[in-house]
Amino acid sequence: MGPGRLLRPLLRCCCRRAVPPPLPRGAAVRGPLSAALRLWAPQRPPGRGEPPRAGGGGRRAGGDDDDDDDEEEDEEEEDEDVEELLGPSPLGPVAGAQRVAVVQPAVRWGPKKPQLTTAELQIAEAIALIDTLPNWTVLDKIIIPTKNPDKKFVFGKGNFDVLTEKIKKMPHVTAVFLNVERISSITKKELEDAWGVKVFDRYTIVLHIFRCNARTKEAKLQIALAEIPLLRSNLKNEVSQLDQQRGGSRYIMGSGETFMETQNRLLKEKELKIRHVLEKLRRKRSLLRTQRRKREFPVISVMGYTNCGKTTLIKALTGEAGLQPRDQLFATLDITAHAGYLPSHMAVIYVDTIGFLSDLPHNLVESFSATLEEVAYSDLIVHVRDITHPETALQKASVLSVLKNLNLPSHLLESMVEVHNKVDLIERYEPTEENALAISALHGHGLEELKEEIEKKILKATGKKILTIKVNLQGPQLSWLYKEATVQEVEVMPEDGTAMVTVIISNSAFGKYRNLFPSSTFFIP
């Protein structure tokens with residue numbers, strides 16, 4: 001045995017480039033990947049505490065202190081405007097506990113009959129929504145038939161009278177959740193007069209949940225924007241009542257504006273201010289996105305119906321101990337980023353996104369378009385499904401419908417990885433959909449296969465490949481690869497002065513390498 005073979009194991013230990021292992025639980029991410037993750041930090045509206053602009057910290061050259069002071073005053077005023085926009089909402093949850101009766105219209109026949117669900121499953125989800133709100137309790141659930149849920153009072157006269165009698169026999173009920181997408185403010189007022197309790201539709205309940213779970217100013221601003229249509233609708237109802245009581249519109253203090261005109265103008269001004277601040281955040285996010293792309297870490301958006309196990313899956317893929325999944329609807333309202341590694345040790349960023357829900361009004365989805373915009377700039381989408389849920393087919397359709405409405409690039413929709421989660425709860429489960437992967441994020445089943453599939457799709461999406469290249473250590477090849485590719489491993493062959501270098505390299509960079517070093521040999525693992 002030659003001395004080269006004896007020395008090789010030692011040299012491998014000394015010369016092999018350190019490869020990042022999967023993150024141990026509780027470990028902090030450092031280096032370039034950590035810097036990239038910081039670019040995903042939840043965005044604040046501009047104002048006090050904003051980091052110095054690029055190009056200098058502190059005072060500008062020339063010592064123009066007056067300009068600095070003016071700028072700080074402008075930022076403070078802008079910050080105060082944001083705080084005003086985030087003040088208490090007139091549509092906020094009623095203080096104290098609520099004891100709720102959930103009412104589900106059941107369309108049993110005709111064109112309005114739902115195809116992928118039943119009234120029993122719909123009311124179960126409605127109860128889950130109420131259970132998400134703190135101090136709200138479901139006292140009773142009622143399913144009432146209707147031919148057309150789009151009627152003013154949802155039900156026909158006979159069934160409406162039956163429902164009214166039932167509700168009036170429930171003295172402990174303080175609110176009714178009518179599980180329809182939206183009811184007008186006039187209908188809401190008439191129902192409350194008939195039933196003697198507060199009435200909420202699906203839109204207002206979901207807004208309540210969003211308010212309870214919103215953590216960043218951006219999420220709160222998006223909720224405030226989603227409230228504007230409701231406030232306008234309520235305003236019309238209030239003005240109608242005032243006109244009936246006072247006999248016509250009133251002008252305010254000689255301003256030439258009626259009460260409704262003034263309130264509409266104030267609402268319009270509020271909406272414009274919110275959109276202005278959100279647009280600033282969008283531009284800032286666009287700048288951060290550009291900086292992230294320079295770091296070349298692939299981005300994987302994890303999406304799915306609310307409470308399908310997205311956060312649990314990301315925790316399993318990254319080993320990030322700080323992630324605490326919650327078994328409730330809409331636990332995640334802000335995009336968060338988490339570092340992980342694929343089987344080739346390629347570093348990637350997993351993005352946790354807001355969950356979806358069926359029958360969400362367009363205005364509500366549109367208000368969160370700034371958050372969902374990030375998905376369009378991903379390299380891959382992983383669609384997580386709770387395969388144990390009785391409405392899993394409807395949930396899939398709801399998610400795909402929203403994704404298509406986001407105008408995502410076609411390649412993102414075509415390359416999407418579908419994951420069937422919670423298979424540990426179904427004995428011997430086998431996916432029926434082509435290319436779907438069965439996993440249990442909680443118990444780790446199927447995660448290695450999922451990582452391999454993600455890696456395959458990421459390499460294709462980013463135009464990269466994994467190669468092992470034989471280089472001459474006396475030449476410039478190794479330094480060129482460190483500069484133009486991601487070097488994963490260097491195995492030195494001391495007997496002939498060469499090294500086997502494993503790299504992740506783009507197609508364009510590999511073409512340049514072959515032109516520069518045509519005599520090099522390479523191997524595809």
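What follows is a short tour of a sheet, the helices around it and the nonpolar cores.

Keep in mind that this is a predicted model.

**The sheet**

Let's start with the strands. Four of them, in the order S2-S1-S3-S4, form an open sheet with parallel pairing. Strand S2 (136-145) and strand S4 (198-200) sit at the edges with a single partner strand each, so one side of each has no neighbour in the sheet. On average, and ignoring direction, neighbouring strands here are turned by 25° against each other.

Zoom in on one pairing: strand S1 (residues 98-106) runs alongside S2 in the parallel sense, over 9 bridges.

| Helix | Lies across | Angle |
|---|---|---|
| H4 (residues 119-132) | S1, S2 and strand S3 (175-178) | about 160° to S2 |
| H6 (residues 185-195) | S3 and S4 | about 135° to S4 |

**Two helices side by side**

H6 also has a helix to pack against. Helix H5 (residues 157-168) meets H6 at an angle of about 55°, and their axes are 9 Å apart. Who makes the contact? On the H5 side you'll find Phe160, Leu163, Thr164, Ile167 and Lys168, while H6 brings Leu191, Ala194 and Trp195. By type, the residues of this contact split into 6 nonpolar, 1 polar and 1 charged.

**The cores**

Which residues have the most contacts inside the largest nonpolar core? They are Val102, Phe177 and Ile205, in a core of 38 residues. The elements giving two or more residues to this core are S1, H4, S3, helix H7 (202-213), helix H8 (217-246) and helix H13 (392-405). H7 provides the largest share, with 6 residues.

Setting aside its neighbours within four places in sequence, Val102 is in contact with Ile123, Ala126, Ile127, Ile130, Val138, Asp140, Lys141, Ile142 and Phe177.

That isn't the whole story, though: apart from the core of 38 residues lies another core, of 26 residues, and among them are Ile314, Val348, Tyr350 and Ile458.

Terms used
Residues numbered from 1 in each chain as written. Predicted model: local features only at pLDDT ≥ 70, side-chain atom pairs only at ≥ 80, totals over all residues. Heavy atoms only, no water. Pairing = 2+ DSSP bridges. Helix = DSSP H or I, 4+ residues; strand = E, 2+ residues; numbered from the N terminus. Axes fitted to C-alpha atoms, helices over the stretch in contact; angles between N-to-C directions. Contact = heavy atoms within 4.5 Å. Nonpolar A, V, L, I, M, F, W, Y, C, P; charged D, E, K, R; others polar. Core = buried A, V, L, I, M, F, W, Y, C linked by side-chain atoms within 4.5 Å. Buried < 20%, exposed > 50% of the residue type's maximum accessible area, 1.4 Å probe, protein only.
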